[in-house]
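Subject: Structure handover

Dear colleague,

Here is the structure you asked about. My notes on it follow below.

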Amino acid sequence: MHAGEIGVLIHDVPLPQLALAFAKISVHGWGGGSGTIYTMQNELVRRGWITSAQFGLDFGISRIPPGINLIALAVILGYRLNGPKGSVVSGVAFVLPFSLITLVLTMGFVTVTSNPIGGAAVHGAVAVTAALTFALAFETAQSWVPWQERRVASLMSVYIVASFVLVALLHMSVVFVILGGGVAGAALFRPPEGGPLL
Amino acid sequence: MNFLDLFLVFLKASVLSSGGLAPLPLLQEELIVQRSLLGSADFASALAIGRIGPGPNGKFVLSIGYYAAGIPGFIAALIGMTLPPFLAIALVRAHRRLATRPWVIGLTRGITASSVGLLTAVAYSFIEPLLGTPALLAILTISLVVLLITKIDPLPVLALGGLAGVALYFTGVSLS
């Protein structure tokens, strides 16, 4: 097996090196998901452990399982680089550093927001957060809805609006809306026979 | 709410979502609407923190855990957030067999469609308290336009939003 083949597992990266690399990625990937993805690819390709194509394949797979995709990506890459042990080491080494930094930031945030000026700053940041959430919803729709498949894109658009109305206005359970999306998707949002799959 | 119940809330939110902010609507429903463990302002602060530090955007659940129950809440969120992505191992093994099946692609698309609608619902819930404050609505609108057009990193936009809030405070504009 060698690193040049997409989908091939490499089981020879020592676990301490794997832990160090993912801990480094964890603390260096500032600026949200895209910053971390960039850092992860750069670090692993630079070390000669994977190719960009392999990273691309693993990134695609990491979008499928539940939970935070970037943690899944670290787990998948660790599995590629040292099997089941590698997946645990890379997953934990990736999660712990940014989690501890987040804890410290949260505790600091609580202190800052207890005074009027800090509170005013939070009000301003909350307005931006609302904008960020809207922007994320828009960008997710842009990148995930298969606009070239008109029938599916129309049906998905209807379900997007329905999800909003059911939760925001009718206060329906979020779980039912997500599960309903999965069932509706499996039945109605399939790609056409013989068409592009992804 | 005990540790196990809190952990199960975070685990459920993680299992039923895919992507950074996708667990948001479920956590909002469970922790704010049903249990009142934290307020909308704490929730929004957690989201902002999720955008500031290193790591994925989805780390905001850690801040929500802390706001909801201190260090034990943080730990419950950490474990609940970390476990589901390990299902990816099974997916790697099954990838060639299942990932290209039309019904799996359809299912993924369906969950994504619901996530988009739910994220919009969350954004709407943030806007409701701002409706009486035109200055904050202006910050929101300008930020949204800037984010969508420039694709700029959100960190400086958040910082500018915070500075605008402070400036409004010193000019005597009510923000509550």
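What pattern does chain A follow when read along the sequence? The pattern is α-α-α-α-α-α-α, and the secondary structure of chain A comes to 7 helices and 0 strands. Helices (H or I, at least four residues) and strands (E, at least two) are DSSP runs, numbered from the N terminus.

This is a predicted model, in which local features need pLDDT of at least 70 and side-chain atom pairs count only at pLDDT 80 or more, while totals for chains, interfaces and linings use all residues. Residues are numbered from 1 along each chain as its sequence is written, and chains are lettered from A and ligands numbered from 1 in the order in which they are written.

Chain A

Of the 198 residues in chain A, 46% are buried (20 or more other C-beta atoms within 10 Å of the residue's own; exposed is 12 or fewer, partly exposed is in between; C-beta atoms are placed from the backbone). The domain assignment, which is automatic or from a database, gives domain 1 (15-112) and domain 2 (147-198) in chain A. Their C-alpha centres lie 30 Å apart.

Between the chains

In all, 86 residues of chain A are in contact with 91 residues of chain B, contact being C-beta atoms, placed from the backbone, within 7 Å. On the side of chain A that touches chain B, α5(A) gives the most, with 24 residues. By class, that side has 58 nonpolar, 26 polar and 2 charged residues. Here Ala, Val, Leu, Ile, Met, Phe, Trp, Tyr, Cys and Pro count as nonpolar, Asp, Glu, Lys and Arg as charged, and the others, Gly among them, as polar.

Leaving aside neighbours within four places in sequence, B:I64 is in contact with residues including B:L27, B:F43 and B:A77.

Helix α7 of chain B

The buried residues of α7(B) are B:L136, B:I139, B:L140, B:S143, B:L144 and B:L147. They line one face of the helix, because seen down its axis they fall within an arc of 130° (taken from the directions from the helix axis to the C-beta atoms). On the other side, B:P134, B:V145, B:I149 and B:T150 are exposed. The cover over the buried residues includes α5 of chain A, with α6 (102-127) and α8 (154-170) of chain B. Just after α7(B), B:K151 takes a positive phi of about 55°.

Regards

Conventions:
Two residues are in contact if their C-beta atoms, placed from the backbone, lie within 7 Å.
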